[in-house]
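Here are a few notes to go with the model. Have a look at it first, then read on.

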Amino acid sequence: MATLMSDEVFHDVAYKARNRDHILAAVDEFLDAVTVLPPGEWDPSIRIEPPAAIPSQDTRKRPPEKPNRDEIRDEEEDEKKLREESGYWSDFKDALALQCVASWIFLYFACLSPIITFGGLLGEATGRNMAAMESLVSGFVCGLGYGLFSGQPLTILGSTGPVLVFETILYEFCKKSDWDYMAFRFWIGMWVGLILLILVALDASACVCYITRFTEENFATLIAFIFIYKAVENVLSIGKTYPINTHGDMVLNYDCFCNTTYLSDDYQDLTLGNCTKYNGTLIGPGCDTPHYVPDVFLMSVILFLGTFLISVVLKDFKNSLFFPSKVRSVISDFAVIIAILSMSMMDFLVGISTPKLEVPSKFLPTIEDRGWFIIFSPFGRNPVWTAVVAVVPALLATILIFMDQQITAVIINRKENKLKKGCGYHLDLFILALLIMLCSALGLPWFVAATVLSINHVNSLKLESECAAPGEKPQFLGVREQRVTHILIFIMIGLSVFLTPMLRHIPMPVLFGVFLYMGVASLKGLQFFDRILIMFMPVKYQPDYMFLRQVPLMRVHVFTIIQLGCLIVLWVIKSFSATSILFPLMLVVMIGIRKLLDFFFTQRELKILDDVMPEMSKWKEEDDDDEERRVSRKGRDESDDEDEKPLGIGPSGNLQIPLPNGNIMKIPLASINISEEVNKSGIWKQVNEVNTTAKNIKKKSPGKSSSKSKKRLGSRKDSGTDE
C-alpha cells in the first residue's frame, strides 16, 4: 500500500475515487506501468542509482485512446482468413476423434424421431402429399448438401413449427380454390429461393448484428421449453391411448354394436373401429368403456425417466472420482447412446408392447401416382398466372425461413463457444436458398436451422482441458469444428429406410427421454435462464455471476421480468395455430423492444446483461471511412515505393525506423543496462528531493549541527533509501 501511495497518479486517483471500481482501475493502471525485478534475476546487494532525470507522468494521466478501427478490422479479417488458411480438408481431419463418433450416433437418433414425427403431422396437414418418407428424403438431401458446402456445418437442419403452419394454411387455401397444391408450392419455393439469393447479394445477413443476446436467448429458451413440454405431453398421450385401470375390482361392460340401419348394404359389416368413420352409430352401454392394456403406460414412464436420468448422470461422469480421465471422457461422450441402448434392452427383456418407432419400409412417395419430380408438371391444373401470384405467400415464407435460420446461426456463432474457423452467414443462406428450390422441385418439405438440435450438436463437441491437480476444474477450450458428423447424421437419415427392421425395436418413450434431455441441456449456459433462477434464490445463496457484481440486483430483476414477459408473449402466439404464422414477425418486434430498453438502462448495464446495439448511422460512416482508408493506403503505398530508403543509424548510435504517422522509432543498438532503465521510472522522485534538501541544509549550516536536526535529517534519508 505504501508503494501504491508513493505513485503520484495512484495517489490522486485514490483521493478522488467515488467508488470501488475507481480504486481497482487505478491499481490496474499502476501494475501496467510498474517495472518488476524478480529476485532470481538480479543481485539485491547491487545498489540501483537514482535516475538523472524524472520522466513525465502526463501520458499516464491521459484517458486511454479508443482502439483504432483499422486494428479492429484487421482482427476481423484475420478471423475470416483462418478458415481459408486451415483449408476445407481440415474439417475432415479434425473429425478423427472418438468424440465425433458419439456425437454422430447421438444426433442421429435426436434428428430421426422429429423428422418422422414432423412427417406424420405434415401428412395430415397436406392430404398425404408429403409425409414421413418425403421428410426422410428431404433430410438426406438438405443435410448432405448443407454439410458439404455450408460455412458453418455445426448448424443442424430440421423441421420447424412455423413451416408446418405455413404448409397447413397453404394446403387449405389450395383446397378451397381447387388448385394443385404441389404445383402452387413449387412456384412459391422458386420465389423463396430467388428472394433469398437477392438478400444474399444485398448483404442482408449483416442485419444479424441487431439480434442481440436479448432476442437470441428468448428464442433459444422458448424452443427448449417447447422440447421439454412436447416430451412430457407425448408420454402423457400414451396414457390416453393405453389408460390405467384404476378400478380393478369392478367388472367392465363392453357391450357395444354398430348400427348400420341407414347405410347401404356394402357397409353392413363394419367393425367398431370403422363404424363412426363411415357414418355408423355406436349403440350399447359399453361403447365408452376404455380398453385397458396392463403396464404399458407405467413402463413408458419408466423408460422415459430412465433415459433422461442416465443421460444426465453419465454426461457429468467426467467430473467423478472413478476411473482414469480417458475412461470418464468416453463414458461422458457416449452418455445418451448408453441410455438409449440400455433402456431399449430393458424394454425388450420385459416384453411389454410399448409404442415403437415407425419408419417407412419402402422407398416410394406416400402417394405413388404423384412422382418425385414436380418440375415436370409445374402448373398442374392451375392457371399460368398463379406463378406470379405465388410471390405474395413467398414473401411471408422468406421471413419465416430467414429469421429461423439467422437466429440459430447467431446462437451457434456466439463468442462463448470460442469458434476459431469463423462463420458463414451469407454462404449458409445461399446454400439454403438452393436447397429450398431443389426441395420444391422434388416435392419435399423445407428444412431450416433447428435451434435445439444445433445447440446440442455444439455441446456434444466441446473440448475441455485435462485436470492435473486434485480439485482443479476443467477449462473450456472450444469446439471441435468439423463437418463429418453433420454429413454422417443425414447419410444415416437417408439409409433409415433400409434399417427399418432394427429401428422398429426402439421404444418411443426412450426417444421422448432424449428430447427431454436435449431441452434441459440446451438451457445450460443461457444467462436468461440463470437470471430466472436467481429470482427465486435468497441473496446469500446466489452464485457469483459476473453480472451480479457489476449491475444492481433490482435492475437485473427488472431486465429479467421484461425478457420473461416477451417469452410469455412468444409462447402464447406460438400455441395457437391462427397466430403461430406471425411468430417470426414477433421476433422482429423483439428487436424493437430491445432497442427501447436503451431509454431505461444505461449502456454499461446493457453491455453486461445483453449486447450494445449498433447505430443505424454508423454503416454509412464506416463505408466512408473504408473509402478514405483505401485511398490513403494506396497513396502511402505509392510514396513508399518511390521514397523507399534503407534504415539509417542516428548520431547517438540508435537504429531509426520511420513510422507511417511521421514519427521515428529509435532502437538502441548497444546493450541495455537495467539499472539505467529503472532509473527512468518515477519512483525516485522523492529520493532526489530528499537528497537535494539534505545538501542544501548542509550548505546552510556547516560544521556541527544540533543532534536533533541530524537525527531528523538522518531519519528522512533512511526512509528515502528504504523507499
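1. How many of the 28 residues of H7 are buried? The count is 20, so H7 is mostly covered, where buried means under 20% relative accessible area with a 1.4 Å probe and protein chains only. Helices here are DSSP runs of H or I with at least four residues, numbered from the N terminus.

2. Bear in mind that this is a predicted model: local features need pLDDT of at least 70, side-chain atom pairs count only at pLDDT 80 or more, and totals for chains, interfaces and linings use all residues. Residues are numbered from 1 along each chain as its sequence is written, and side-chain values use heavy atoms, leaving out hydrogens and water.

3. H7 covers residues 98-125 and reaches 41 Å from first C-alpha to last. That is close to the expected 40 Å, taken as 1.5 Å times one less than the number of residues. Just after H7, Gly127 has a positive phi of about 65°.

4. Now the pair H25 (residues 553-575) and H26 (residues 583-596): their axes, lines fitted to C-alpha atoms over the stretch in contact, come within 10 Å and cross at roughly 165° on a scale from 0 to 180 degrees between N-to-C directions. That makes H25 roughly antiparallel to H26 (over 145 degrees).

5. On the H25 side, Cys566, Val569, Leu570, Ile573 and Lys574 meet Phe583, Met586, Leu587, Met590 and Ile593 of H26, contact being heavy atoms within 4.5 Å.

6. Gln527 sits in helix H23 (residues 527-534) and is buried, at 10% relative accessible area. Beyond four places in sequence, Gln527 touches Arg213, Glu217, Phe547, Ile608 and Leu609.

Terms used. Helix = DSSP H or I, 4+ residues; strand = E, 2+ residues; numbered from the N terminus. Buried < 20%, exposed > 50% of the residue type's maximum accessible area, 1.4 Å probe, protein only. Parallel < 35°, antiparallel > 145°, perpendicular 65-115°, else oblique.
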